[in-house]
Amino acid sequence: MGATKSVAEYAAGLGDWRADVVLALRDLVRQAAPEAKESIKWAQPVYEFDGPFCYIKAFKNHVNFGFWRGVDLPDEEGILTGTGEKMRHVKLTGLEDIREDVFQDLVRDAVMLNRSKGDPTKGS
């Protein structure tokens, strides 16, 4: 197999409205956390700073914008969902679901949690 797929290639492979959502979220993360490393891990776009802090995952009828330490993020809007021990996500069904300011605040807060607590995949 060839080189690792890029986020742009991941989005292009979706071939529908989900690609637009993925690319809009990508731009939003890059603006809020320009120091973050972007890659495809676990078959989805992942953003890392002192370990992974958020991801974008396309499903058939929606796109999840998720956070490794979602349970620790301030969520005054009540938009984060999920039942896992740590992770939470926002479920998007179109570009109109993107709340730029709120999402960028979540990204910045997620980066700060990794700065203070370290890599969430290492048990911290």
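This presentation describes the fold of one chain and then examines several of its residues.

Please note that this is a predicted model, in which local features need pLDDT of at least 70, side-chain atom pairs count only at pLDDT 80 or more, and totals for chains, interfaces and linings use all residues. Residues are numbered from 1 along each chain as its sequence is written, and side-chain values use heavy atoms, with hydrogens and water left out.

I begin with the overall fold. The chain contains three helices and five strands, where helices (H or I, at least four residues) and strands (E, at least two) are DSSP runs numbered from the N terminus. Their order along the sequence is α-α-β-β-β-β-β-α. For 124 residues, a compact globule would have a radius of gyration near 14 Å, and the chain agrees, with 14 Å; the radius is taken over C-alpha atoms, and the globule rule is 2.2 Å times the number of residues to the power 0.38. The C-alpha trace spans about 35 × 35 × 25 Å along its principal axes.

Buried residues account for 47% of the 124 residues. Here buried means under 20% relative accessible area, exposed means over 50%, and partly exposed lies in between, with a 1.4 Å probe and protein chains only. The chain exposes about 6,700 Å², of which carbon and sulfur atoms supply 49%; these areas come from the Shrake-Rupley method with a 1.4 Å probe, and for residues only the protein chains shown count as cover. Of the contacts (heavy atoms within 4.5 Å) between residues at least 6 apart in sequence, 56% join residues at least 24 apart.

I turn to the helices. Helix α2 covers residues 17-32, and its 16 residues should span 22 Å at 1.5 Å a residue; its end C-alpha atoms are 23 Å apart, which agrees. The expected span is 1.5 Å times one less than the number of residues. Among the buried residues of α2 are V21, V22, L25 and L28, together with the arginines R18 and R26.

The 18 residues of α3 should span 26 Å, and its end C-alpha atoms agree, at 25 Å apart. The buried residues of α3 include V102, F103, L106, V107 and N114, and their cover includes α2, β3, β4 and β5. After α3 comes G118, with a positive phi near 90°.

Which residues touch N114, leaving aside its neighbours within four places in sequence? They are F49, D50, G51, P52, F53, R69 and P120. N114 lies in α3, residues 100-117, and is buried, as its relative accessible area is 1%. A polar atom of its side chain lies 3.4 Å from the backbone oxygen of D50. A polar contact is a pair of N or O atoms within 3.5 Å; within protein, one must be able to donate a hydrogen and the other to accept it, and residues adjacent in sequence count only if both atoms are side-chain atoms.

D50 itself sits in the loop between β2 and β3 and is partly exposed, at 42% relative accessibility. Its phi is near 55°, a positive value in a residue other than glycine. Most residues other than glycine have a negative phi.

Next, the strands. Strands β1 (residues 37-41) and β2 run antiparallel and are joined by five bridges; two strands pair if DSSP finds at least two bridges between them. They form a hairpin with two residues between them, and W42 in the turn has a positive phi of about 55°. A43 lies in the loop between β1 and β2, also has a positive phi, near 60°, and is exposed, with a relative accessible area of 52%.

E48 belongs to β2, residues 44-48, and is buried, with a relative accessible area of 13%. Its side chain makes a polar contact of 3.0 Å with the side chain of K41.

Strands β4 (residues 63-67) and β5 are likewise antiparallel, with five bridges; F67 has R88 as its bridge partner. Why is strand β5 largely enclosed by the rest of the structure? Four of the five residues in β5, residues 88-92, are buried.

Finally, N61 occupies the loop between β3 (52-58) and β4 and is exposed, at 55% relative accessibility. Its contacts beyond four places in sequence are with W17 and T93. N61 and T93 are 32 residues apart along the chain, yet their C-alpha atoms are separated by 6.8 Å.
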